[in-house]
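Notebook open, structure loaded. I'm jotting down what I look up as I go.

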Amino acid sequence: MTLPVQALVLQYVHECIIYGRSMAIVLGMMTKKGGAGKSTLTKLLASAVVFSGHKCLVIDLDPNEDILTWWTSATEQGNHDDRLTVRATLSSEDLFDLVDEHDEKVDFILIDTKGEGADWADHLASVSDRLIVPCLNSRSDAERTRETLQWYSDLKTRVDDPASVPPLHVVLTRMPTSLLSYDGRGTPKGMTGNDMARYKSMVQEFRPLKSIVPERSQYRDMDERGLLGTLLDQARNGEWKDKGQALHYESALAHATDLMNCILTGEAMETVDGA
Ligand SMILES: Nc1ncnc2c1ncn2[C@@H]1O[C@H](COP(=O)(O)OP(=O)(O)O)[C@@H](O)[C@H]1O
Ligand SMILES: [Mg+2]
């Protein structure tokens with residue numbers, strides 16, 4: 001697969017022209033549920049941004065410091081990239097300061113958050129250009145997402161100017177790869193009838209982004225070792241002497257890039273037949 005890297009660059013430039021600005025695009029990961037895939041989503045979007053030649057700051061607001069630990073370990077393994085900077089903080093004041101400080105220095109700022117509590121949610125909304133809500137195909141995730149959407153519509157009534165509230169997009173995560181080529185008929189491999197019914201009703205209710213995050217071993221690898229682009233370079237340079245691996249990493253990166261483009265355009269999924 002050819003990497004649609006230029007597509008990301010074009011989309012980004014397009015967005016800057018629309019907004020007439022040279023400031024970073026800020027994406028806030030937003031869900032109260034742990035394990036929904038926020039940190040993984042942050043890492044794969046950072047991979048897409050860095051691989052396309054853009055500079056990225058990730059702010060880790062999770063007390064577990066998952067992203068900071070990940071980046072420290074990746075750096076120790078020699079898998080770092082100067083275009084990515086990671087900072088961790090628990091204070092909203094620091095959050096505002098960090099965004100101010102980096103707004104003109106980087107192209108994207110990604111903010112990863114913790115799994116519980118909502119005391120930081122309003123602050124996150126006030127610094128973000130997009131709020132991203134990862135959601136697994138499970139009943140409890142659907143409930144949490146419903147609560148998040150409720151918070152979002154309440155927020156619009158609480159602020160002076162509802163237009164200042166950034167768009168919010170639900171992203172379906174850890175979905176079976178078979179869904180990527182699903183043509184709307186039958187049940188894709190790896191999903192039960194129940195999964196499919198839940199998926200359809202979630203699409204109907206949440207209108208998630210068109211691009212999903214599939215369950216991929218490359219994303220788990222990214223979790224352990226570092227940015228996808230670095231892993232792709234290693235695979236291409238024959239470190240693993242396996243061209244098949246390189247293809248898998250290309251495809252994983254292409255998908256991450258596609259997802260970033262989808263976040264920028266906000267293109268929603270069409271409802272599934274029979275939903
Ligand atoms: N798309 C995916 N493919 C494979 N593994 C995933 C994917 N998304 C999440 N995971 C795994 O699920 C676990 C929890 O995900 P994580 O991103 O840490 O969730 P959160 O940050 O929301 O708590 C991690 O071990 C991660 O590797
Ligand atoms: Mg996390």
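Burial first, since I need the term: I call a residue buried if 20 or more other C-beta atoms lie within 10 Å of its own, exposed if 12 or fewer, and partly exposed in between, with C-beta atoms placed from the backbone. This is a predicted model, where local features need pLDDT of at least 70, side-chain atom pairs count only at pLDDT 80 or more, and totals for chains, interfaces and linings use all residues. Residues are numbered from 1 along each chain as its sequence is written, and chains are lettered from A and ligands numbered from 1 in the order in which they are written.

**Leu 179.** I find Leu 179 in the loop between E6 and helix H7 (193-206); helices (H or I, at least four residues) and strands (E, at least two) are DSSP runs, numbered from the N terminus. Skipping neighbours within four places in sequence, I get Pro 188 and Ile 212 as its contacts, a contact being two C-beta atoms, placed from the backbone, within 7 Å. From Leu 179 to Lys 189 I read 8.0 Å, C-alpha to C-alpha, for 10 residues of sequence.

**Sheet.** I traced an open sheet of seven strands, in the order E3-E2-E4-E1-E5-E6-E7, with parallel pairing; strands pair if DSSP finds at least two bridges between them. Strand E3 (84-88) and strand E7 (213-214) are at the edges with a single partner strand each, so one side of each has no neighbour in the sheet. Between strand E1 (25-29) and strand E5 (130-135) I have three bridges, and Met 29 has Ile 132 as its bridge partner in E5.

**Ligand 1.** Which residues come nearest to ligand 1? Of the 17 around it, Gly 37, Lys 38, Ser 39, Thr 40 and Tyr 219 do, with "around" meaning a C-beta atom, placed from the backbone, within 6 Å. Helix H2 (38-51), strand E6 (168-175) and helix H8 (217-225) each supply at least two residues of this shell.

**Core and totals.** The largest nonpolar core has 66 residues, and Leu 45, Cys 56, Val 171 and Leu 228 touch the most other members; a core is a set of buried Ala, Val, Leu, Ile, Met, Phe, Trp, Tyr and Cys residues joined through C-beta atoms within 7 Å. Beyond four places in sequence, Leu 45 touches Leu 27, Leu 110, Ala 256, Leu 259 and Met 260. Overall I note 10 helices and seven strands, with 38% of the 275 residues buried.
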